[in-house]
Amino acid sequence: MKRALEALNPLRDPRDKRLPRVAGPCVLVLFGVTGDLSRKKLLPAIYDLANRGLLPPGFSLVGFARRDWEHQDFRQLAHDAVKEHARTPFREDVWNQLAEGIHFVPGTFDDPGAFEALAMAVKELDEKRGTGGNYAFYLSIPPKFFQDVVKQLQASGLSQPSEGSWRRVVIEKPFGHDLASAQELNAILHEVFPEESIFRIDHYLGKETVQNILALRFANNLFEPIWNRSYVDHVQITMAEDIGIGGRAGYFDGVGTARDVIQNHLLQLLALTAMEEPVSFAAESVRAEKAKVLSAVRLPKDLGAYTVRGQYAAGWQGGVKVRGYLEEEGIPPNSRTDTYSAVRLDVDTRRWAGVPFYLRTGKRLTRRATEVALVFQRAPHLPFAVTDTEELGENALVIRVQPDEGVTMRFGSKVPGTSMEVRDVNMDFDYGESFTESSPEAYERLLLDVLIGDPPLFPRQEEVELSWEILDPIEEYWDKHGKPEPYKSGGGGPKAADEMMARDGRAWRRL
């Protein structure tokens, strides 16, 4: 259909990037509409896409939940969520057009009758709004319900596309809690949907700066020649949060930061940083290169020396006294769940042999920050006296993923004056200052990619399982050896993490 429309427009130049990609006719079925993710991220992202003209006029949204609601009740929830959390300005005309396609089907995941009603509802939308039998099912629900929903979609015929239409399923992390559970989850999904119809959401991959890693490397001749073991001393990948677990005790306890963040977000950032240039940016090419990196990751021989886990204790955060993890509501007093984790990994490829990758993530740290930092080897400094460069550190290229998206280069420059003194300076690129258009929310990009059917930013089964193969031995070691080291809220994390870096003669970048 899309090709036919383009063929009818002889004035359109395929090289013209001003015309954005727009989703075709479709229905998005959202399971878990009453949850925080739906209210704070998904519903606002759908509105923002509509506001930017990226959804077709007949786009329809169907909510499914165990609530005795009418269509109007769900529309009101969506309206309130959009008003509170949308990135773009609220416009009544856009909302009214979107609201016409918003419907609700009440039911439980184990009720075949509810899924029959859902099948009737989307078929009616096909006829009334011209959605063409194209359905995306977004499972914003706990993983324990995935099997129930997928089986019901199969039994009701909703998972089976008619000729010329498509079906896609979107699942949120966690993709299992270890390798065995991830394989089991993949087997359940593959019984009903082919791999190309499964979209595993890792919202970090939708962030502009994460995608900019590929642009920096492969669109510029400036960086690629030095992006290797000959020049890079080590790489630090950090995701720090300044908040605690909030009301997520039920989900977080027993999972921890390593499973919640390192297994998906940080290992995906590592793969993008270390991968070789793909043949193209088509999904299969990018995913194949990422999988090569993950399969080349090697754990340290001494897991006790080069892995660290911590648990935040009471302290001061932003001038406010906060509780420790064990005092949080719903957390057992003997919990051994990690709220901080750090690990050294090596990538055994020709490009990266001997270059350590240090990954860390934690809650209740100094500030919120996610970044990838390539720290370069020190120059010989042969022409300089020792005193000339005593305040000079190591050159670094830092890709800031959040909150201030951009790139920083740190290098040495002469201090003005009569003497030769070299000191670190920063050169900064900031997305907000360099581009007039603000960066879309990650969920905007990812939802649009689902509706268009563009999968490069979604990890495939092989990547998920390789990531668990990396993390499982670490978790097994931690289960048998001691408990997390307490660290003060509002600080930089446990002392053991600094000691881990010191063993290699290095130090963490300051948060």
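**Reading a core and a sheet**

Modeller: The largest nonpolar core has 128 residues, and Phe31, Leu118, Leu139 and Leu359 touch the most other members. Such a core is a set of buried Ala, Val, Leu, Ile, Met, Phe, Trp, Tyr and Cys residues joined through side-chain atoms within 4.5 Å. Buried means under 20% relative accessible area (1.4 Å probe, protein chains only). The model is predicted: local features need pLDDT of at least 70, side-chain atom pairs count only at pLDDT 80 or more, and totals for chains, interfaces and linings use all residues. Residues are numbered from 1 along each chain as its sequence is written, and side-chain values use heavy atoms, without hydrogens or water.

Biologist: Which helix gives the most to this core?

Modeller: In general, nonpolar side chains tend to be buried together in soluble globular proteins. Here helix α10 (residues 256–274) gives the most, with 10 residues. Helices are DSSP runs of H or I, at least four residues; strands are runs of E, at least two; both are numbered from the N terminus.

Biologist: What is the strand order in the open sheet?

Modeller: Strands of a sheet pair through backbone hydrogen bonds, either parallel or antiparallel. Pairing here needs at least two DSSP bridges between two strands. The six strands run β3-β2-β1-β4-β5-β6, with parallel pairing. β3 (102–106) and β6 (198–201) are at the edges with a single partner strand each, so one side of each lacks a neighbour in the sheet.

Biologist: How many bridges join β5 and β6?

Modeller: Four, in the parallel sense; β5 covers residues 167–172. Ile171 stands opposite Arg200 in β6.

Methods
Buried < 20%, exposed > 50% of the residue type's maximum accessible area, 1.4 Å probe, protein only.
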